[in-house]
Each structure stands twice: as C-alpha cells, then as structure tokens.
Amino acid sequence: MASVLYCASLNVNASSDSRWVARQQATSFKTIMKNINPPGTSRGFFAASLSTYKPDYFYTWTRDAALVARVIASIPETNLTVLTDYVDFQISTQMTPTVCNCLGEPKFNTDGSGYTGSWGRPQNDGPAERAIAFIAIANRYHLEGHDPTYITDTLIPAIVKDLDYVASVWQEACFDLWEEIKGVHFYTLMVMRRALLDAIDFFDAYSDTPFRSDHNYKSTAYQIEKRIESFWSSHQNYITSTQDVRNGVQKPSGLDVSTLLAANLLSSRNDGFFTPGSDKVLATAHALEEAFKSIYPLNQQLDEHLGTSIGRYPEDIYDGVGTSVGNPWFIATATYTELYYLAIKEWKQVGVVINDINRSFFYRLFGSSEVSSSFMELQKTHYYAPGSVELDQLIHRATVAADKYFATIQYHQDRNGSMSEQFDRYIGYMAGARDLTWSHAAFISAAKAKSFYPVS
C-alpha cells in the first residue's frame with residue numbers, strides 16, 4: 001500500500017514531467033501484461049486483477065477486458081498474439097452457456113466457463129465494448145498487412161453477432177457498468193452508439209463484405225442518439241446517469257463519473273455529440289467535481305499542486321471489499337486528465353463557446369477571484385476562436401488542471417507504480433483490488449491523450 005508519509009515527500013510537480021508519465025506508462029503496460037494469461041488460465045484470459053481474496057477479482061469481465069484490449073491494441077509493443085488470443089477467448093464466450101443465456105453475461109471464469117453465482121445480469125455494454133475492441137484489432141491487423149481472411153472470417157462474424165445483439169436490446173433495462181443498478185444508462189447507450197457507428201465505418205472499408213447491407217445499424221444509432229439526449233437535465237445542469245430504474249442502489253443525485261468515461265470513449269467520433277469539450281459534458285464534470293470536493297476529506301485543504309480526488313458517484317458505499325463508504329478511484333481520477341486533454345484537442349480544432357451551460361466549468365479553471373478583465377466576456381455567451389489569445393489562456397489553465405489529476409494519481413499510488421482500484425477517502429492508502437488492470441489501462445489512455453495521440 002502507498003504510504004502517506006512517503007507520498008508527502010514526493011515532488012508532486014513531477015506529474016507534469018513527461019519522464020514520469022513515460023515511466024508510469026511502461027510500468028502500467030508491464031502490469032497489464034502480467035494480468036493477461038496468468039498461470040493456470042486459458043489462453044486469452046484477461047484478469048480484472050490478480051487479487052483472489054477480499055476482493056476476488058480473478059475473473060475476466062467482458063467490459064474490463066474489452067476496454068483494456070482497446071488500449072493495448074493502440075500500443076505498438078503489444079504482441080499481436082496477445083490480441084488474437086483475446087479474440088479467440090471472447091469468441092468462445094460468445095458461444096458459452098451462461099445464466100443469462102445472452103451476450104450480456106458480465107464475467108467468466110479462468111477456463112472461459114460462465115460465472116454461475118448470483119450477479120447483476122445482463123450488462124449490455126459488454127458486447128458493444130467488445131465490438132469496439134474487435135474493430136480496433138481488425139484495423140491494426142489490416143494496417144500491419146496481415147492476411148485479410150482473419151478479418152473477414154473470424155472478426156467480422158463476431159462483431160456482427162455483438163452488434164445484432166446490441167440492436168435488439170438497446171431499449172431494454174440492464175445493469176450499469178458498476179454492476180449495481182438496473183435501468184437504462186447513459187454510459188451503456190453511448191458505447192452502443194459508438195460500436196454501431198464504428199461498424200458502419202469499418203464495413204465501408206470492407207465494401208465487399210456480405211454483412212454491410214443486412215443490418216440497420218445507422219437507424220438504430222440514430223434512435224439511440226435521441227434517447228441519449230434525454231439524459232440531459234436542464235434543471236440540474238448536468239447529465240444524469242440512469243433512467244427507468246428497476247432495482248439496485250439509490251443515486252438521488254443522478255451524478256456518475258461514467259458519463260465522463262462515455263464522453264472520452266466517444267471522442268474519437270469527433271462529431272461533437274457529448275464529446276469531452278462539449279458544453280453539457282463540461283457542466284457535468286464541474287458538478288461531479290463539486291460533489292467530490294465536499295464529501296472526501298482528502299479534498300479538504302488540498303495542496304495546490306494536487307487535483308481533486310474523484311470517485312464513481314457521490315452516494316457510493318463500496319469500499320473495495322464491502323460496504324461502508326465509497327472512495328476515490330484511480331480510473332475516475334485518470335478520467336479527468338483524459339477528459340481535459342481531449343477537450344483541449346477539440347477546442348484547438350473548433351474553438352470554445354462559453355454559455356450558460358458550461359460557464360461554471362470555466363469559472364472553476366480561473367477561480368472567481370482570478371478572472372481578469374480580459375475574461376469579463378465569461379459573463380455572457382462568447383466564442384473564442386482557435387489561435388486566439390483568450391483560447392490560449394483557457395487551454396493553459398486546462399492543461400495545468402489536467403496535470404494536477406495526474407499528480408493526485410502519483411501521490412496515492414505505490415512507489416513502484418502500482419495502482420489498485422481505489423484509495424482511501426480519509427488517509428489516501430490504496431484500497432480494493434490490487435493492480436486493477438483497468439486502472440492501468442485508464443492511466444495509459446489518459447497519458448496518450450496528454451501526448452495528443454489519444455486511443456482511438
């Protein structure tokens with residue numbers, strides 16, 4: 001576990017040092033590789049964590065594995081065999097008998113058999129995320145000039161199977177990515193939309209495939225877009241996470257960092273639809289940070305070099321082992337670094353419109369007492385064009401803020417670069433599953449966004 005005494009001696013400014021980021025990227029990549037195909041598991045098994053007791057995360061989750069596969073597919077050092085093994089394992093699970101008898105089964109055992117214990121089923125984001133990962137792997141396979149029959153004969157049928165499932169169930173209630181509440185979720189719909197649109201682009205690149213004209217992915221994506229738009233609450237001025245709740249934990253605020261995770265995942269679409277730099281996403285980021293600043297003691301009297309520690313949602317009571325009080329997560333905190341850098345990339349391309357929706361976010365960047373006379377325009381709707389002095393100042397402030405979240409990660413991780421699932425809201429010690437594979441993938445994704453070569 002990270003030592004608070006040790007962390008206090010760190011130069012937290014090092015988070016903005018590209019050398020530290022590069023070292024941590026290398027450490028995170030090595031950790032991910034250790035968590036893939038550990039001894040005694042089937043080929044292609046991506047462990048959520050090597051932790052087997054309090055908590056037992058020694059399973060592969062369809063979601064976690066897909067999100068990790070998408071990230072490592074973007075890293076040249078990843079051996080292609082690791083990715084094709086992942087594909088083989090996942091295709092096998094597509095055909096494995098499961099409790100839910102559907103592709104939304106959330107997790108599988110080390111031998112690829114379905115987990116049969118009580119669990120939140122189905123989780124319909126998994127097939128969409130897996131399709132996204134399969135398409136990323138197919139694109140890499142193609143770019144490296146490998147035999148195209150692997151794409152047409154192996155990957156495309158598996159992608160179509162997942163997407164046909166998505167198209168058939170997108171309106172149905174399911175469990176969320178945190179596996180705690182059954183309803184219709186912003187995050188799930190967002191990843192479904194991306195999977196469908198990615199598939200349209202992908203199949204266009206393979207115009208001779210027989211699958212192109214047989215599916216209504218475009219119309220389904222449009223219907224999903226209309227439903228996604230309804231998650232915006234103009235009264236609360238943020239995106240709510242779940243509608244049509246059937247059962248599960250109570251989230252009166254409706255706030256959840258999953259909305260920002262979804263925005264990051266959709267950024268590669270580059271279409272302005274709930275992308276990181278869009279006004280409604282920025283307003284939601286502001287509302288979430290305000291909530292976590294008030295509930296986590298770690299965020300009180302925060303060192304000026306550190307960013308806010310971010311958790312999953314304000315009402316969270318999962319402490320990494322049982323239920324008491326929720327903690328900040330490395331995934332969630334890295335999400336803010338990634339969001340800011342993806343937003344910066346977007347602003348550089350199209351500029352920024354400051355309006356009544358996102359104004360609170362930009363006031364946070366400058367501080368109410370620091371808004372200079374040149375930024376009195378923040379008080380009304382105003383457009384800052386790419387290359388303008390005002391936009392450059394905004395980008396500078398956003399860059400400083402983004403790096404502070406990285407500093408928070410460095411401050412609470414172990415000295416060897418280890419990152420668990422969580423860190424304690426009171427004292428900062430790491431908590432929950434050790435070296436959560438998703439934590440390390442989230443760090444790499446944020447670091448690649450910082451380098452302005454984000455994961456696609």
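**Figure 1. Aromatic pairs across the structure.** A search of the whole structure finds 29 aromatic pairs, where rings of Phe, Tyr and Trp (its six-membered ring) pair if their centres lie within 6.5 Å, with planes under 30 degrees apart counted as stacked, over 60 as edge-to-face and the rest as tilted. The model is predicted, so that local features need pLDDT of at least 70 and side-chain atom pairs count only at pLDDT 80 or more, while totals for chains, interfaces and linings use all residues. Residues are numbered from 1 along each chain as its sequence is written, and side-chain values use heavy atoms, with hydrogens and water left out. A pair of aromatic rings is described by the distance of the centres and the angle of the planes.

**Figure 2. The pair of Tyr-86 and Phe-134.** The ring centres of Tyr-86 and Phe-134 are 5.8 Å apart and the planes stand at 70 degrees, so the pair is edge-to-face. Tyr-86 belongs to helix 4 (residues 80-94) and Phe-134 to helix 5 (residues 125-143), and the pair thus links distant parts of the chain, 48 residues apart. Helices (H or I, at least four residues) and strands (E, at least two) are DSSP runs, numbered from the N terminus. Tyr-86 has a relative accessible area of 0% and is buried; Phe-134 is also buried, at 0%. Buried means under 20% relative accessible area, exposed over 50%, and partly exposed in between (1.4 Å probe, protein chains only). Not counting residues up to four places away in sequence, Tyr-86 touches Gly-44, Phe-46, Ala-65, Ala-66, Ala-69, Arg-130, Ala-133, Phe-134 and Ile-137, contact meaning heavy atoms within 4.5 Å.

**Figure 3. The pair of Phe-330 and Phe-423.** These two rings form a tilted pair, 5.0 Å centre to centre with 55 degrees between the planes. Phe-330 lies in helix 11 and Phe-423 in strand 10 (residues 422-423), so the pair ties together parts that are 93 residues apart in sequence. Phe-330 counts as buried at 1% relative accessibility, and Phe-423 counts as buried at 0%.

**Figure 4. The largest nonpolar core.** This core holds 139 residues, of which Tyr-86, Tyr-340 and Trp-347 touch the most other members. Helix 7 (residues 186-205) gives the most to the core, with 13 residues. At least three residues come from each of domain 1 (36-230) and domain 2 (243-455). A nonpolar core is a set of buried Ala, Val, Leu, Ile, Met, Phe, Trp, Tyr and Cys residues joined through side-chain atoms within 4.5 Å.

Figure 5. The chain is assigned domain 1 (36-230) and domain 2 (243-455), with bounds that come from an automatic or database domain assignment. Their centres, taken over C-alpha atoms, are separated by 25 Å.

Figure 6. Helix 12 (residues 359-366) has Arg-359, Phe-361, Phe-362, Leu-365 and Phe-366 as its buried residues. These residues cover an arc of only 160 degrees around the axis, which puts them on the same side of helix 12; the arc is that of the directions from the helix axis to the C-beta atoms. Just after helix 12, Gly-367 takes a positive phi of about 80 degrees. Phe-361 and Phe-362 are also part of a cluster that ring pairs form with Tyr-336, Tyr-340, Trp-347 and Tyr-405.

**Figure 7. The setting of Glu-289.** Glu-289 lies in helix 10 and is buried, with a relative accessible area of 4%. Leaving aside neighbours within four places in sequence, Glu-289 is in contact with Thr-308, Ile-310, Tyr-336, Tyr-340, Arg-364 and Tyr-405.

**Figure 8. The setting of His-440.** His-440 is a residue of helix 14 (residues 437-450) and counts as buried at 0% relative accessibility. Beyond neighbours within four places in sequence, the contacts of His-440 include Gln-24, Ser-28, Thr-31 and Ile-32, as well as Gly-417, Ser-418, Met-419 and Asp-435.
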